[in-house]
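Keep the 3D view open as you go.

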Amino acid sequence: MRANGERWRAPYATDPGATRGRLIPEPASPTRSDFQRDRDRVVHSTAFRRLKHKTQVFVHHEGDHYRTRLTHTLEVSQIARALARALGLDEDLAEALALSHDLGHTCFGHTGEDALDACMASHGGFDHNAQALRIVTRLERRYAGFDGLNLAWETLEGLVKHNGPLLGPDGRPTPRYAREGIPAAILEYDALHPLELARHAGPEAQAAALADDIAYDSHDLDDGLRAGLFDLADLGEVPFLRGLLDEIAALHPGLEASRTIHELARRVITRFVEDVITESRRRLDRLAPASVADIRAADAPVIAFSAAIAAADTDIKRFLYARMYRHPEVMAVREKANAIVADLFAAFSADPTRMPEEWSAGLDGAPPGRIARRIADYIAGMTDTYAVLAHRRLYAATPDLHWSPPSRGLPLTEP
């Protein structure tokens with residue numbers, strides 16, 4: 001054990017004792033590392049609490065047992081810590097990144113993000129990753145000495161770059177940002193506190209990104225099955241899942257559907273986590289990094305799936321896209337949610353004073369881009385519930401988002 005209860009870290013792990021610091025210098029804590037403090041600041045933030053009522057796939061009132069953005073975040077955090085511990089990484093940084101990775105998501109999940117991006121097309125667009133950075137550097141206003149959470153450089157770097165570098169070796173934006181460019185919020189912060197946008201993030205951020213994929217695959221299969229959007233038999237289309245179902249059937253003949261679903265979800269997590277550990281150790285042995293700087297300078301991620309599991313991950317996501325995310329029932333709700341976000345943006349654009357005073361203050365005579373960004377910040381922070389209530393205050397009719405998935409009659413309690 002080390003100071004502040006920290007566990008052993010490998011030489012290539014990110015060392016909180018060697019952090020590049022915070023934008024606004026602060027005295028060190030006598031009881032917590034910088035990454036432990038970052039984790040705690042995220043958990044105590046307003047944006048984190050709002051995740052409780054933000055959509056993952058199903059809007060929250062469709063059932064108490066479906067994932068919300070908050071429960072998804074907690075599952076990602078658990079997996080990220082498991083990966084970090086197995087690989088000798090800094091668990092607290094991995095946890096801080098997992099807990100903060102979705103702070104920038106809007107109400108109504110990716111539907112809300114797509115709607116806001118369309119509304120902001122003339123003003124730089126909307127990107128949830130950039131929004132998360134805005135939240136932790138500007139929009140949270142809780143501390144006396146600074147706006148945002150004043151997180152450590154390594155936490156902000158991982159938050160911005162957990163999906164990989166934003167710039168290529170030639171200095172041009174990577175494919176994700178090739179069309180619209182890197183969001184202004186990221187470039188503005190990078191100018192103050194450079195985040196090395198052309199390099200990979202540290203290993204903890206890479207672990208958190210894979211934990212996100214693993215959680216998505218597992219819990220969306222679980223939720224989709226319980227919602228009746230597809231059947232266990234349909235999963236035979238994915239060879240990896242077919243193999244797991246055959247294994248469950250051999251070990252537990254005649255197992256009831258609800259237990260089969262859980263056995264499947266836990267096996268997806270286990271196989272993926274074990275694969276990341278094995279593949280990452282192989283890559284670490286080959287690279288032999290002496291420090292985290294060697295991982296950042298590598299030409300490929302070091303924490304990664306093997307080729308076989310990467311293919312399985314792709315197959316699962318392709319299945320979920322067709323059978324769940326684009327299911328007619330889900331799409332019908334998405335269209336209504338899209339209309340709510342677009343209506344709110346239109347109403348506030350026509351009269352910004354319709355927003356609360358703390359959001360509308362100082363906008364008289366402001367440039368259109370500044371007004372639009374303020375409106376986007378306000379809407380992005382809304383929970384599903386708040387967005388619906390705000391729409392009802394402004395419009396005579398509000399789309400009804402209620403849809404009750406059939407749940408297949410699966411027992412949720414003991415008979």
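## Salt bridges

One point comes before the details: this is a predicted model. Side chains of opposite charge can pair when their charged atoms come close. The structure holds 38 salt bridges. Three of them are set out here.

| Salt bridge | N to O distance |
|---|---|
| R134 and D377 | 2.5 Å |
| E157 and K161 | 3.0 Å |
| D170 and R172 | 4.0 Å |

Take R134 and D377, whose side chains meet in a salt bridge. R134 lies in helix α6, residues 128-139, and D377 lies in helix α16, residues 368-381, so the bridge ties together parts that are 243 residues apart in sequence. Are these two residues buried or exposed? A residue counts as buried under 20% relative accessible area. R134 has 10% relative accessibility, so R134 counts as buried. D377 has 5%, so D377 counts as buried too.

Now look at E157, which forms a salt bridge with K161. Both residues belong to helix α7, residues 153-161. They are four residues apart there, which means a separation of about one helical turn. E157 is buried, at 1% relative accessibility. K161 is also buried, at 1%.

The bridge between D170 and R172 has another setting. Exposed means over 50% relative accessible area. D170 has 56%, so D170 counts as exposed. R172 is exposed as well, with a relative accessible area of 60%.

Salt bridges can also join up. Which residues are linked in a network of salt bridges? They are R32, R39, D40, R81, R85, E91, D92 and E95. Try to find each of these residues in the view.

## Aromatic rings

How many aromatic pairs does the structure hold? There are seven. One of them joins F230 and F319, and this pair is edge-to-face. The ring centres are 5.0 Å apart, with 80 degrees between the planes. F230 lies in the loop between α9 (203-226) and α10 (239-251). F319 sits in helix α13, residues 307-325. The pair therefore ties together parts that are 89 residues apart in sequence. Both F230 and F319 are buried.

Rings can also form a cluster. Ring pairs link F348, W359, Y378 and Y386. Another arginine is placed over a tryptophan. R20 lies over the face of W153, at 3.9 Å from the ring centre.

Two packed helices are described by the angle between their axes and the distance between the axes. Start with helix α3, residues 69-87, and helix α4, residues 91-100. Their axes come within 8 Å and cross at roughly 155 degrees. That makes α3 and α4 roughly antiparallel to each other, because an angle over 145 degrees counts as roughly antiparallel. The crossing is right-handed.

Next come α6 and helix α8, residues 184-192. The axes of α6 and α8 also come within 8 Å, and they cross at roughly 45 degrees. How do α6 and α8 lie to each other? They are oblique. The crossing of α6 and α8 is left-handed. Recall that α6 is the helix that holds R134.

## Two single residues

A80 is in helix α3. A80 is buried, with a relative accessible area of 0%. Compare the position of A80 with that of T68. The two are twelve residues apart in sequence, and their C-alpha atoms are 18 Å apart in space.

S306 belongs to the loop between α12 (292-296) and α13. What is the separation of the C-alpha atoms of S306 and F272? The answer is 9.4 Å, for two residues that are 34 residues apart along the chain. S306 has 14% relative accessibility, so S306 counts as buried.

Technical notes
Residues numbered from 1 in each chain as written. Predicted model: local features only at pLDDT ≥ 70, side-chain atom pairs only at ≥ 80, totals over all residues. Heavy atoms only, no water. Phe/Tyr/Trp six-rings, centres within 6.5 Å; stacked < 30°, edge-to-face > 60°. Helix = DSSP H or I, 4+ residues; strand = E, 2+ residues; numbered from the N terminus. Buried < 20%, exposed > 50% of the residue type's maximum accessible area, 1.4 Å probe, protein only. Lys NZ or Arg CZ within 6 Å of the ring centre and 35° of its normal. Axes fitted to C-alpha atoms, helices over the stretch in contact; angles between N-to-C directions. Parallel < 35°, antiparallel > 145°, perpendicular 65-115°, else oblique. Left-handed = near helix turned anticlockwise from the far one by under 90°.
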